[in-house]
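This briefing is for a reader meeting the structure for the first time. Please look at the sequence and the model shown here before reading the points that follow.

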Amino acid sequence: MIGNMFKRFSLFSAISILLILAGIFVTLYIYASDSIHQFGWHFLTNSIWEVGEDDEGGVFGGLIPITGSILTTAIAMIIAVPIAMGIAVFLTEVAFPWLIKPVSIAIELLAAIPSIIYGMWGLFYFAPIIQKTFGGTGIGLLTASIVLAIMIIPFMSAITKDAMNVVPDVLKESAYAMGATKFEVIKDVIMPYSKRAIIGSVILALGRAIGETMAVAFLLGSIMRFPHKITDPTTSIPVLLANNFSEAQDLELSSMFYLALILFALSFAVISLAKFYFLRKD
Amino acid sequence: MEKRLLINKIILIASTISALIGLTFLFWILGTLMVKGLATIHWNLFTKDLVQGGIRNLIIGQFIMAFIATVIAVPLGLMAGIYLREYSYNNKLAMIVRNLSDVMMSAPSIVVGVFVYAIYVDKVGHFGGWGGVIALTIMMLPIIVSTTDNMLSLVPKELREAGIALGGSKHKIILQIVLKAAKVGLTTGVLLAFARVVGETAPLLFTSANNQYLTFNLNSQFPSLTVSIYNLATFPDKKSIALAWAASFVLTVLVLIINLTGRYITRNKHK
């Protein structure tokens, strides 16, 4: 009797995960429906975001924040992937054994720091450096992307390291016995063996980067304009939501929900690709 | 030098440099926090509320929300993990829940905030502490599910079989043997999950929002340390920014202490 209830409750708990996920999709869709009916797919290609007279109606298109999201994520990935790979390689093959533990812990602590702290640090310490080096105001695409990269590097290197650690020592040792250098072992043994998991890790980090909000909320500028230079301010979906969601009303609010739905669907698709295809749990 | 040896050297140096870059940023960020934090921190901060220029109510509010979220998310997540490991026999449903829970773990936290705004703030008509609690619970749940799933998989089958041989019913075996065996790992998982959600900002921005006063009423706007940092940092006056640094310092120290405690517990077990 109690056993049966226990089992039922465990099943219910498992299903609650699915209900929450479905609930998020359905709720976002319902709240976005005004905007979806009004603008349809054109929302994705329209760059105008204007509240109408007397706060009635207006024209809303998501192209600028969508572009901003794609650009910040892309630049961050270009910076983060080589460094994260380098760290993973360092921790699996290069470092002295006594160094591995402290460095891994340090990198994991970097991942534990709340993202708002990255934002604070970026705003007061990193933005001025970018301003001095590259010009502009310091607030813009480049600063936001670099801080975003720093934010995802520990996450990416931790899971890439785990992927590389799975390679059986025997395989590596036989390559070394043939006279292979460390780089050749990495390139010809480790990479092919753990390729799938590494790609999965990178895609997973990409999924995280698209949705990361607080690290970039201060740094991207929150301006509805396309960037022409890499130092120009612009906006992205998370940044727009963080800074303007609470003031929005009616159709604008509905358009915000539309953007949230797009962001959720996008990250859902990217993360699912990583999880279901590359990092399949059986 | 032979070309392949040279390439080898270059790559190894490059990877060492990457690690150095990672460490540089860690110490840069932590160093900045230390310097700024120690310069701005003052005992009065812990005895006064935000309205008088302190952070007492913010710390209390942030921890209350994260704590209630933990109280809800842990049993639910634990039971879901138990279903996945002990009852499902890896059926199709378990596969779907397991993978979707992982997907949910990486879902953008700002979207969770937007979702809770729709189901809570929009319904009751105002911001409120419960909104923050719901948002943090949603953030925490998949982490607990995944930890439980992993930790229970480490419990040897023989322990369960011994329980069966003693004539224990399934739920008793789970509660008295399996969970006990996984206790340390689960505790670590809960602490790490707590450390993660207590530092969240985006899910709180338009759910709990913020409150300058100390309150325990979860139906009203609720004080939040992280949301305050976000608000204070953009004020033009030096005093607000100093307060934001002090709050950042306190937040980071607390998060790292909880995180390290979690790791320390597991390390001791394996000794």
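**Domains, helices and core**

The C-alpha centres of domain 1 and domain 2 of chain B lie 31 Å apart; the domain bounds come from an automatic or database domain assignment. This is a predicted model, in which local features need pLDDT of at least 70, side-chain atom pairs count only at pLDDT 80 or more, and totals for chains, interfaces and linings use all residues. Residues are numbered from 1 along each chain as its sequence is written, and chains are lettered from A and ligands numbered from 1 in the order in which they are written.

**Domains of chain B**

- Domain 1 covers residues 1-40 of chain B, and domain 2 covers 46-270.
- Between them, 4 residues of domain 1 of chain B are in contact with 6 residues of domain 2 of chain B (contact: C-beta atoms, placed from the backbone, within 7 Å).
- On the side of domain 1 of chain B that touches domain 2 of chain B there are 1 nonpolar, 2 polar and 1 charged residues (Ala, Val, Leu, Ile, Met, Phe, Trp, Tyr, Cys and Pro count as nonpolar, Asp, Glu, Lys and Arg as charged, the others, Gly among them, as polar).

**Chain A overall**

- Chain A has 10 helices and 2 strands (DSSP runs, numbered from the N terminus: H or I of at least four residues for helices, E of at least two for strands).
- Of its 282 residues, 51% count as buried (20 or more other C-beta atoms within 10 Å of the residue's own, C-beta atoms being placed from the backbone; exposed means 12 or fewer, and partly exposed is in between).
- The C-alpha atoms of chain A fill a box of roughly 75 × 70 × 30 Å along the principal axes.

**A helix pair in chain A**

- Helix α2 (residues 63-94) and helix α7 (residues 182-211) of chain A have axes that come within 10 Å and cross at roughly 145° (axes are lines fitted to C-alpha atoms over the stretch in contact, with angles from 0 to 180 degrees between N-to-C directions).
- Residues making this contact include A:Ala76 and A:Ala80 of α2(A) and A:Ala205 and A:Leu206 of α7(A).
- The contact comprises 11 nonpolar, 2 polar and 2 charged residues.

**The largest nonpolar core**

- Among its 185 residues, A:Ala80, A:Val147, A:Ile152, A:Ala260 and B:Val114 touch the most other members (a nonpolar core is a set of buried Ala, Val, Leu, Ile, Met, Phe, Trp, Tyr and Cys residues joined through C-beta atoms within 7 Å).
- Helix α5 (residues 141-165) of chain A gives this core its largest share, 17 residues.
- Both domain 1 (1-40) and domain 2 (46-270) of chain B contribute residues, so the core lies between them.
- Leaving out residues up to four places away in sequence, A:Ala260 touches A:Leu28, A:Leu241, B:Val111 and B:Val114.

Technical notes: Contact = placed C-beta atoms within 7 Å.
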